[in-house]
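Please consult the sequence and the structure while reading.

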Amino acid sequence: MTLQGKRAVITGASRGIGLAIATAFADAGAKVVVSSRNQSVCDEVAKSINGVGIAADVTDEGAVDALFDAVEKRGGCDIFVANAGLAASGFASDVSRADLQAMLDLHYLGALHGAQRAARQMKARGGGAVLFVSSIWGLRGQPSALAYGAAKAALAHAVKVLAIEWARDDIRVNGLAPGFVDTAMTADLDEAVKAKLVSRVPMRRMAEAREMAGPALFLCSDAASYVTGHVLVADGGETAR
């Protein structure tokens, strides 16, 4: 599963799953563009993996355009991983239109715009791979996660539509749906909540962020050259119930 000679752009790459993916891709030979909202953090991570740091807030369409303009000047990209995101909770009866819009802007619209820009470069380079980092909460009902889950569900749908439309340009589009992962995003959860979530997992533990990097590497490498339109679930067996 080598990525030798490939150029990859990864959003939300400064920590957690994004950082683990960026590190794994660099180890596999890719030249990685590390992106998050903070330029100094991007630079620090990029230095550690011999990559390039370019800050971008994916909720800002102009910032995403600037990111891909800069990537194009460096030769374009072969792989795009849309990972930027934040958790949000709240019972459905209390979720506002603003809450829903914020999650859609971050998880869905920002990812989709990035994929559109990346696909233009991939087409010019003869093909590529797009990976949307979704969530099992976008594939099943989860109380208190309406806004977050709806945005992730939209990503799962986009995987199928884009895979069909972009196949003619040899651009594969897949998704990765993690389960309960030990990251900064989950660190602040109440211990009782954590215990309840872990109890649903047959493997009886949270995943480590690095355990999402392997599936991501597979889906973006030539080892998955005939895999497109698929959302790979990595959840310790939770959705097998």
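## The cavity

A search of the whole structure finds one cavity of 30 Å³ or more. The space in the largest cavity amounts to about 90 Å³. Its lining consists of 17 residues, of which Thr11, Val58, Ala82, Gly110 and Ala111 are the closest to its centre. On a 1 Å grid over the protein atoms alone, a cavity is a set of points where a 1.4 Å probe fits but cannot get out, and lining residues have an atom within 4 Å of a point.

This is a predicted model: local features need pLDDT of at least 70, side-chain atom pairs count only at pLDDT 80 or more, and totals for chains, interfaces and linings use all residues. Residues are numbered from 1 along each chain as its sequence is written, and side-chain values use heavy atoms, without hydrogens and water.

## The lining

At least two lining residues of the largest cavity come from each of α3 (61-73), β4 (79-82), α4 (97-125) and α5. The largest share, five residues, is supplied by α4. Helices (H or I, at least four residues) and strands (E, at least two) are DSSP runs, numbered from the N terminus.

By residue type, the lining of the largest cavity comprises 11 nonpolar residues, five polar and one charged. Here Ala, Val, Leu, Ile, Met, Phe, Trp, Tyr, Cys and Pro count as nonpolar, Asp, Glu, Lys and Arg as charged, and the others, Gly among them, as polar.

## Gln142

Gln142 is found in the loop between β5 (128-133) and α5 (146-166). The side chain of Gln142 makes a polar contact with that of Arg200 (3.0 Å). A polar contact is a pair of N or O atoms within 3.5 Å; within protein, one must be able to donate a hydrogen and the other to accept it, and residues adjacent in sequence count only if both atoms are side-chain atoms.

Conventions: On a 1 Å grid over the protein atoms alone, a cavity is a set of points where a 1.4 Å probe fits but cannot get out, and a pocket is an open set with protein on both sides within 12 Å along at least five of seven lines; lining residues have an atom within 4 Å of a point. Grid points are joined across faces, edges and corners, and a volume is the space filled by probe spheres set on the points.
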